[in-house]
Amino acid sequence: MMLHMLKNDLKRNRIITASLCGFFILAAMLVSGAITIILTLSGSMDTLLASADVAHFSQLHAGEVEQTELDNFVRENRSLVKAQQTVELLGINGANIYIGGREQSEADSLMENSFVRQNQQFDYLLDTDNQVLQVSDGEIAVPIYHMQRYNLHPGDKVQVVDGDFAKDFTIVAFLRDSLMNPSMINSKRFLVSDGDWELLHEHLGEIEYLIEFQLHDMSRIQELETLYQDSNMPQKGTAMGYYLVKVINGMSDGIAASVIIFIACLLVLIAALCLRFTMLTTIEEDYREIGVMKAIGISNQNIRKLYMVKYTAISAFACVLGYLLSLFAGNLFTANISLYMGKGKQTIWNWLLPVTGAGIVFVAIIIFCMVILRRFRQISALEALRLGMAPDKGSRTGKYTLSHSRIKDVNMFLGVKEVLEHFRMYGLLCFVFVLCTFLMIVPVNLLDTLESPNFVTYMGAGKCDLRLDLQHTPDIIARYKETEEYLKKDGDVSKYSALFTCTFKVSNSEGTYDNMKVEIGDFNQFPLEYTKGSAPQKENEIALSTMNAKEYQKEPGDSLILVAGGEERQMTVSGIYQDVTNGGKTAKAILPMEMEQVIWFTVNINLKEGVSREEKRLEYSKIFHPAKVTDVTEYVDQTLGGVLDQLRLVAKSAFVLSLAVAALITGMFFKMLMTKEAIQTAVMKSLGFTVNHIMK
C-alpha cells in the first residue's frame, strides 16, 4: 500500500518532486564535494612532501657560503640535525630566458627563475608522477607554474640567451617542487643536467644558496631556526620552516574549499526552506483526505508515516545520487590540486567521510520533515471535512481597503494587500531570495577584491606603479645609492620611497630571543591596509604581520622587547597587517640602522600621469639589473594566479546555481499559492476577473 501511494504521489507532483530532489542532490553533492577537496588537499600535500623528502628548515642566502662552517654547526647540533645540504641556485635574469618559443622573454615575470641540479640527499624535484626527476644534457624540466601559465607541452623549447651565448633546451618533463610549487612563492627552480648547469654558470647568472636541514624531530624546528640565526650562519634571505611550507602549499585550494563549504551550508538552508514549501503545499492539497483519515480513526503517527515514506525515499535517492555526482564534481575542483601535488594515498576515510557528509544531509532532512509534520496534531477532522482547506491564520483581512488606499488599480491593490496580509509567508520567500543573492554575490565580491589593484595593500606591499626589489649583494649599499640618485633626477617619477629590511632580535614568551625581519622606512608614502591599528609613527612603535602577531600573541597596544643597536628597546605594537611576502613573518618599524645590516631593500615608485609603466619597467630592469622591477598591477595576478583561477570557477558555479535555485523556489512557491488559493481564484473568476487580471 505504501509503495502504491508513493508511486501515485510522485506521478501527481512530478515537477515539485523533481525540484525538491534537485535541491537535495545539490546540497549532498556540495557537502560531500567540499569534504573530498579537503581530504584530497591534505592527502596530496602529504604525499608530495613525503615523495620529495622535503627539507624541514630552509634558509636562502645571497652571498658566500663556507661549507666547513655549516658542517661544524651540524656536528655541534648532531642530536637535532639529521641531514644538511647546500643547494646552489643559478639565478638567471628573466630577460635572458625565452620559454616555449615565445618572442618575448621572461623579463615581465615576477618570478625569480633559478637553474638547479637534482639534489642528492633530500628535497628532490619530482615529475608529474611524483617520481624523482633525472634529465640529460640538452633537456630541461620546467615548473608546473610555467606549464600552466604558458600552456607548455613536452617537446617545447626553452632558450637561455646572453649576448653571443645561446643555449637551447627541450622540455622533457614538468616538475613539482615541494618548496616552491605555489604561485605565491615568487621563486621557481628549473632542473637541468650537471653538465648544462656548469655551462650556464660559466656564461651568466649569479649563485644563491639554499641551505637546507632535516631534523630528527620536526617539533624542534623553531629551536633549530633560533640556534641557526644566533650562530651567525649565512642568512641573507628568506627562511622557511616545514609548517609554513604546508600552509603556503595548501592556501590556494584551501580558500576555494572554504568558499565551497560556505555555498554548501547556504544551499542546505535553502533546501530546508524549499522542503517546507513543498510539504505545506502537499498538506494543503491533501487537507480533506487528512480529515477523512482522521475521521476513520487513523492516528497522527500513522498519517505521518505515509508522508515520511515519500520524503525518506526522495532524500535517500537524492543523497546517494548527490554523493555519486560529488565524485565527478570533486574532480573538477581538485584538478588544480592533482596538477600541482598529484594524487594522495587513498584511505578508507577518503570514501567514508564524504559518504558521512551526504548522510548528515539525509538525517537533517528527515529531522526537518518530522518537525514540520507535527502540525498534523493541529488539524481537526471536522474542520478539514467542512472547509476542505487549512484556515488562514496569518490573514489580517479588513485592515487594508481599496477606498482608503492610494493604489486605485484594483488588480495592483489586491496583489499588494495579499503580500501585506500574509507577510510571514511572502517574507519567507523574500528571505530565500536574500540567501540566493548572498550565495551569488559573496564569491564574486571575494574574486573582485583579490583582482582589485588595491588588494596589494593587503599583501604587505604598498600600492604604487612600479616596485623595485634588490636582494642582498656584496655591493648592495652602492647599488641603492645609484638607484636613489637616478630616481631623483628622473623627471618621469612623481614620488618614491625606499624600505630597508634588516634582522633584529625580539624577546619571546620563553625569555629567549628570536630573529625577526623588520622593514624600516617611511610607511606614510605608500600606506598599507591594517586589519587592526595603524602604521608606526614613532621610533618606539612597531607593526606586526598577522603571523607574527599570532606567534607572539600580540595586539595593538601590547609591548614587545626588541634589540637594536646593542640595547633592548620596549616597542609598542601600533598595528597588525596581512602579508604574503617573505613567508608571512615580517614587521615594520622606524628604527636607526646601519646600511651594513640591510638584507634587501624595496623601492616603491609612482610615475607621473601619462608615463608608460611598461616602458619604465623595461628601462629600470636594464639600468638596475639584477634588481627585480615589477608592475604592481601584475604583482597580484602572478602571485595569486592559482587562487584566482579556483575562485573564478567557484564564482561562476555559484552564480548559475543561485539563479537556478531562485527560479525553482519561485515556481514551488507559486504552486503552493495556487493550491492554497484555488477557491478564492474560482470566486474571483465568477465575479468577472479575467485570467490576465488574476496573473497581474
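This report looks at helix packing, a surface patch and salt bridges in a predicted model.

Residues are numbered from 1 along each chain as its sequence is written, and side-chain values use heavy atoms, with hydrogens and water left out. Local features need pLDDT of at least 70 and side-chain atom pairs count only at pLDDT 80 or more, while totals for chains, interfaces and linings use all residues.

**Helix packing**

Let's start with helices α2 (residues 14-52) and α9 (residues 300-333), plus α11 (residues 348-372). Helices (H or I, at least four residues) and strands (E, at least two) are DSSP runs, numbered from the N terminus. Axes are lines fitted to C-alpha atoms, for helices over the stretch in contact, and angles run from 0 to 180 degrees between N-to-C directions.

| Pair | Angle | Axis separation |
|---|---|---|
| α2 and α9 | about 45 degrees | 6 Å |
| α2 and α11 | about 150 degrees | 9 Å |
| α9 and α11 | about 155 degrees | 9 Å |

Angles under 35 degrees count as roughly parallel, over 145 as roughly antiparallel, 65 to 115 as roughly perpendicular and the rest as oblique. So α2 is oblique to α9, α2 and α11 are roughly antiparallel, and α9 and α11 are roughly antiparallel too.

As for handedness, a crossing is right-handed if the near helix is turned clockwise from the far one by less than a right angle, and left-handed if anticlockwise. α2 passes α9 in a right-handed crossing. The crossing of α2 with α11 is right-handed, and so is that of α9 with α11.

**Surface patch**

Val320, Leu324, Leu325, Leu327, Phe328 and Trp351 make a nonpolar surface patch of about 590 Å². Patch residues have over 30% relative accessible area and no salt bridge, with nonpolar side chains (Val, Leu, Ile, Met, Phe, Trp, Tyr) joined within 5 Å and like charges within 9 Å. The areas come from the Shrake-Rupley method with a 1.4 Å probe; for residues, only the protein chains shown count as cover. Helix α9 gives the most to this patch, with five residues, and Phe328 is found in α9.

**Salt bridges**

A salt bridge here is a side-chain nitrogen of Lys or Arg within 4 Å of a carboxyl oxygen of Asp or Glu. That rule gives 16 salt bridges. One of them joins the side chains of Asp123 and Arg189 (3.1 Å, N to O). Asp123 lies in the loop between β4 (112-116) and β5 (139-143) and Arg189 in strand β8 (residues 187-192), so the pair ties together parts that are 66 residues apart in sequence.
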